[in-house]
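Student: I would like to go through the terms used for this model and see what stands behind each one. Please put it up first.

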Amino acid sequence: MSVASDLPDLTPEEAAHSARLAARVHEEIARHGGWISFARYMQLALYEPGLGYYSAGARKFGAAGDFITAPEVAPVFSRCLATQCEEVLRGLDGGDVLELGAGSGVMAAALLEELARRDCLPGRYRILDVSADLRERQRATLAAAVPQLLDRVEWLDRLPEEFAGIVVANEVLDALPVERFVVRNGGLNALGVTSSFGQLEWSETRAPGALADAVRAAQRDAGIAWPEGYASEINLGLADWLAALAAAVRRGVLLFVDYGLPRREFYAAERREGTLLCHFRHRFHDDPFARPGLQDITAWVDFTAVAEAGQGAGLEVAGYATQAHFLIGCGLGEFLADVSGLDVVSRINLSRQAMVLTLPGEMGERFKAIAFAKGYDSPLRGFAVRDLRQML
């Protein structure tokens, strides 16, 4: 992993943008008496209108951005997801697709193309994204890849009031703001953010009741004793976020793919530094204050917490699996076998895509898929190979 001092230099424009976001954070810290929670800092750094990483115009995805997601590095990923979408749409006798955080639009284009090939297009392909810049990029991607289907795409400013179909979200959960905590003298401190001589720094204070209660409940459930200095993350806003999403779904399936672990592994004693990770120009590091507004900040997902939040919102857990098993269940092997019309280079590229998506050392086991159902009783093929719900 890179350290912040190894990161590439900023252009004057980038430096000015980051300084504006930092000034906004310093202002927020001053307004709250010299300290803000890390979740509030993460919210500002990623989503502050016009300044946050996902709300401003910086290039984020692909070779020219800060990281590459599965749909970009391996188009067959989206084709596999399309088979799961097809199964749900046919099971509902129609419906829509709602993609949360559609990134560059590559996955939306591939899903639509594959669903059209299968004669199972959704009534509408809806995209909910906070970034106006990304919306324009998504529109350009779709116009270039599937111009004949562009009129089927609808961009939303908020969740629909009533939705039937399948919700898909790839690498969305990891970017939801989290609180950080640390074990001190047998107690719990909140790791927040303060301003010192014009610099943003970590600062500890006794964990407030809501944070302490949630962390202790997670620790009891995990059945783990943490050593002095153990630090990690917890998402206190997850239940409300998923409840709002569940309230919008009348009938259908919600599918999330992200990197993470069930609670007992997430909070293992040896993972004593937590899971916080920052992305800047394809370099990973753990300093969230190094490039405020210009870098992604993520945390691994506690999938047990996701399952609990879904169930608390009235959803049924419909499956949980590694990405490798999920994609195999969605027909990855069939796509690999169907190489008619492909030249040698294309066949090699397809094999490489499959390796990146499924090998344990790549995305195969780090990434998981979890699905919820509401008013939908049929099994999901993505979890037919192996369903790990018992590990949650």
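Student: In which strand is His-285 found?

Tutor: His-285 is found in strand S12, residues 283–285. Strands are DSSP runs of E with at least two residues, helices are runs of H or I with at least four, and both are numbered from the N terminus. The model is predicted, so local features need pLDDT of at least 70 and side-chain atom pairs pLDDT 80 or more, while totals for chains, interfaces and linings use all residues. Residues are numbered from 1 along each chain as its sequence is written, and side-chain values use heavy atoms, without hydrogens or water.

Student: Why is His-285 called buried?

Tutor: Buried means under 20% relative accessible area, exposed means over 50%, and partly exposed lies in between, with a 1.4 Å probe and protein chains only. His-285 has 0% relative accessibility, so it counts as buried.

Student: What makes the pair His-285 and Gln-295 a polar contact?

Tutor: The side chains of His-285 and Gln-295 are joined at 2.7 Å. A polar contact needs N or O atoms within 3.5 Å, and within protein one must be able to donate a hydrogen and the other to accept it; residues adjacent in sequence count only through side-chain atoms on both sides.

Student: Buried or exposed: how do you class Asp-93 and Glu-171?

Tutor: Asp-93 has 77% relative accessibility, so it is exposed. Glu-171 has 16%, so it is buried.

Student: How do you know that helix H10 is mostly covered?

Tutor: Of the 10 residues of H10 (303–312), 7 are buried. Among them are Phe-303, Val-306 and Gly-310. At the N-terminal end Asp-302 caps H10, with a side-chain oxygen 3.0 Å from the backbone nitrogen of Thr-304. After H10 comes Gly-314, which has a positive phi near 90°.

Student: Why is H8 called oblique to H10?

Tutor: H8 (residues 238–248) packs on H10 at about 50°, with the axes 8 Å apart. Under 35 degrees is roughly parallel, over 145 roughly antiparallel, 65 to 115 roughly perpendicular, and the rest oblique. H8 is therefore oblique to H10.

Student: Which residues meet there?

Tutor: Leu-238, Ala-239 and Leu-242 of H8 meet Ala-305, Val-306, Ala-309 and Gly-310 of H10, where contact means heavy atoms within 4.5 Å. By class these are 6 nonpolar, 1 polar and no charged residues.

Student: What makes H1 and H2 roughly antiparallel?

Tutor: The axes of H1 (residues 12–31) and H2 (residues 38–47) cross at roughly 150° and come within 10 Å. This angle makes H1 and H2 roughly antiparallel. Leu-21, Arg-24, Val-25 and Glu-28 of H1 meet Arg-40, Tyr-41, Leu-44 and Ala-45 of H2. That contact divides into 5 nonpolar, no polar and 3 charged residues.

Student: Why are H4 and H5 called oblique?

Tutor: Their axes come within 8 Å and cross at roughly 55°, with H4 covering residues 76–91 and H5 residues 106–117. H4 and H5 are therefore oblique to each other. The contact of H4 with H5 has 8 nonpolar, 1 polar and 4 charged residues.

Terms used
Axes are lines fitted to C-alpha atoms, for helices over the stretch in contact, and angles run from 0 to 180 degrees between N-to-C directions. Ala, Val, Leu, Ile, Met, Phe, Trp, Tyr, Cys and Pro count as nonpolar, Asp, Glu, Lys and Arg as charged, and the others, Gly among them, as polar.
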